[in-house]
Amino acid sequence: MHITRRHIITAALGLASIAPFAAIAQGTPSIHVLKDPNCGCCRVWVDILRAEGFRVTEERSFGTLLVRHKLDNGIPQDMMSCHTGEIDGYMIEGHVPAADIRRLLDERPDAVGLAVPGMPYGSPGMGPEDQREAYDVFLIRRDGSTEVFTSYDAA
């Protein structure tokens, strides 16, 4: 095959047209989620993250193995929920909204991560937001202490 100037220009234009998408893909946050394979709310939370632009990988885990993983990674027992995510060195416990995960990644505090303990109704994956009960997203410090990161009022 003889390569012509037209071939080179066409190839260059093709590469130029996909370059912005490659940059976007590289900037897409990736989160690895450990969850019980039978939990419906965990599945919905993962779907919400995907819809919000996160790349999500999933790992099946449950019972004492999942609890041990949480404790080994600095999540206090009173902050635990049903699933655990890991993103860019941070732990994400429970039904944490995507906006709070993004804020954590933007601000980069010296912390273990974020948690929404329990399963508050109306948090992402736990029912309609317009019927939400009030809940807090907590920042877990490396010493195990916590502080409110974001508060959500009841709908």
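## Salt bridges at a glance

Ten salt bridges turn up when the whole structure is searched; a salt bridge here is a side-chain nitrogen of Lys or Arg within 4 Å of a carboxyl oxygen of Asp or Glu. The model is predicted, so local features need pLDDT of at least 70 and side-chain atom pairs count only at pLDDT 80 or more, while totals for chains, interfaces and linings use all residues. Residues are numbered from 1 along each chain as its sequence is written, and side-chain values use heavy atoms, with hydrogens and water left out.

Let's begin with Arg-68 and Asp-72, whose side chains meet in a salt bridge (3.0 Å, N to O). Both belong to helix α3 (residues 63-72) and sit four residues apart, so about one helical turn separates them. Helices (H or I, at least four residues) and strands (E, at least two) are DSSP runs, numbered from the N terminus. Arg-68 is partly exposed at 46% relative accessibility, whereas Asp-72 is exposed at 53%. For these words, buried means under 20% relative accessible area, exposed over 50%, and partly exposed in between (1.4 Å probe, protein chains only).

Lys-70 forms a salt bridge with Glu-93, with 2.5 Å between the closest N and O atoms. Lys-70 lies in helix α3 and Glu-93 in strand β4 (residues 90-94), so this pair ties together parts 23 residues apart in sequence. Both Lys-70 and Glu-93 are buried.

## Further charged partners

Another salt bridge joins Arg-141 to Glu-147, the closest N and O atoms lying 3.2 Å apart. Arg-141 is partly exposed, at 26%, and so is Glu-147, at 37%. Elsewhere, a network of salt bridges links Lys-35, Arg-50 and Glu-58.

## The sheet and its helices

Now for the strands: seven of them make an open sheet with mixed pairing, in the order β2-β1-β3-β4-β5-β6-β7. At the edges stand β2 (55-60) and β7 (146-152), each with a single partner strand, so one side of each has no neighbour in the sheet. Strands count as paired if DSSP finds at least two bridges between them. β4 pairs with strand β5 (residues 111-116) in the parallel sense over four bridges, and Glu-93 stands opposite Ala-115 in β5.

Helix α2 (residues 40-51) lies across β1 (30-35), β2 and β4, running at about 175° to β1. Helix α4 (residues 98-107) lies across β3 (84-87), β4, β5, β6 (135-141) and β7, at about 135° to β7. Contact means heavy atoms within 4.5 Å; axes are lines fitted to C-alpha atoms, for helices over the stretch in contact, and angles run from 0 to 180 degrees between N-to-C directions.
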